[in-house]
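The sequence and the structure are shown first.

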Amino acid sequence: MQRRVAVIGRGTVGILSLMELLTYTDVEVTCIFDESVPVTSVGEATTYAIPFLLKGCISNTEILHKVIKSLGATARVGTEFKWKDSSDDSRSFNVPYGDAGMHLDASKFSSVVLGSLTEEYPERLSLINERVHKVKDRI
């Protein structure tokens with residue numbers, strides 16, 4: 001029996017939700033979003049889980065390579081925070097990561113991955129371009 005799930009929004013959290021849900025073969029997913037509302041274009045740092053999640057939900061190697069190349073993401077192996085106005089080292093700190101992550105543009109991530117997911121899962125992923133005012137028995 002197929003379960004039906006709706007994801008509202010195509011921002012980073014919406015795309016991550018789609019990626020995770022589509023790894024389950026008994027789930028049909030509908031993504032509802034308003035195309036006139038832009039995805040916030042900020043740089044986002046991810047954990048090491050994002051590359052593995054991409055690989056887990058996009059089994060077609062050719063599509064996966066296209067996605068990774070199109071994202072233009074950079075590898076991240078740690079972060080150092082420094083305040084410009086402070087020469088005091090106590091105002092700086094490092095956040096080391098045990099594994100690498102990625103730094104990417106959220107709007108590019110949304111469009112590239114959403115397009116690839118619709119290509120990879122044409123039978124189980126549908127898109128509705130509509131403003132959500134109230135969640136009802138829509139799907």
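H1 and H4 meet in a left-handed crossing. The model in which this crossing is seen is predicted. In the protein chain there are four helices and six strands, and along the sequence they follow the pattern β-α-β-β-α-α-β-β-α-β.

**Packing of H1 with H4**

- The axes of H1 and H4 come within 9 Å and cross at roughly 30 degrees. Angles under 35 degrees count as roughly parallel, and H1 is therefore roughly parallel to H4.
- On the H1 side, the contact is made by Thr12, Ile15, Leu16, Leu18 and Met19. H4 contributes Ala106, Phe109, Ser110, Val113, Leu114 and Leu117.
- By residue class, this contact of H1 with H4 comprises nine nonpolar residues, two polar residues and no charged residues.

**Packing of H1 with H2**

- Helix H1 spans residues 12-21 and helix H2 spans residues 49-57. The two pack at an angle of about 50 degrees, and their axes are 9 Å apart.
- H1 and H2 are therefore oblique to each other.
- The crossing in which H1 passes H2 is left-handed.
- From H1, the residues Leu16, Met19 and Glu20 meet Ile50, Leu53, Leu54 and Cys57 of H2. The residues of this contact divide into six nonpolar, no polar and one charged.
- Leu16 and Met19 of H1 are among the residues that meet H2, and Leu16 and Met19 are also among those that make the contact with H4.

**Packing of H3 with H4**

- Helix H3 covers residues 61-71, and helix H4 covers residues 106-120. Their axes lie 9 Å apart, at an angle of about 170 degrees.
- Angles over 145 degrees count as roughly antiparallel, so H3 is roughly antiparallel to H4.
- H3 takes part in the contact through Ile63, Lys66, Val67, Ser70 and Leu71. The residues from H4 are Lys108, Phe109, Val112, Val113, Ser116, Glu119 and Glu120.
- Six nonpolar, two polar and four charged residues form this contact of H3 with H4.
- Phe109 and Val113 of H4 belong to the contact with H3, and Phe109 and Val113 are also included in the contact with H1.

**Ser116, a residue of H4**

- Ser116 is found in helix H4 and is one of the residues of H4 in the contact with H3.
- Ser116 has a relative accessible area of 3%. Buried means under 20% relative accessible area, and Ser116 is therefore buried.
- When neighbours within four places in sequence are left aside, Ser116 is in contact with Ile58, Ile63 and Val67. Ile63 and Val67 are among the residues of H3 that make the contact with H4.

**Glu123, a loop residue**

- Glu123 is found in the loop between H4 and strand S6, which covers residues 125-129.
- The relative accessible area of Glu123 is 71%. Residues over 50% count as exposed, and Glu123 is therefore exposed.
- In sequence, Glu123 and Val29 are 94 residues apart. In space, the C-alpha to C-alpha distance between Glu123 and Val29 is 9.6 Å.

**The chain as a whole**

- Of the 139 residues in the protein chain, 32% are buried.
- Among the contacts in the protein chain with a separation of 6 or more, 73% are accounted for by residues 24 or more positions apart.
- The protein chain has an accessible surface of about 9,000 Å², and 53% of this surface belongs to carbon and sulfur atoms.

Conventions
Residues numbered from 1 in each chain as written. Predicted model: local features only at pLDDT ≥ 70, side-chain atom pairs only at ≥ 80, totals over all residues. Heavy atoms only, no water. Axes fitted to C-alpha atoms, helices over the stretch in contact; angles between N-to-C directions. Parallel < 35°, antiparallel > 145°, perpendicular 65-115°, else oblique. Left-handed = near helix turned anticlockwise from the far one by under 90°. Contact = heavy atoms within 4.5 Å. Nonpolar A, V, L, I, M, F, W, Y, C, P; charged D, E, K, R; others polar. Buried < 20%, exposed > 50% of the residue type's maximum accessible area, 1.4 Å probe, protein only. Areas by Shrake-Rupley, 256 points an atom, 1.4 Å probe, with all protein chains shown as cover.
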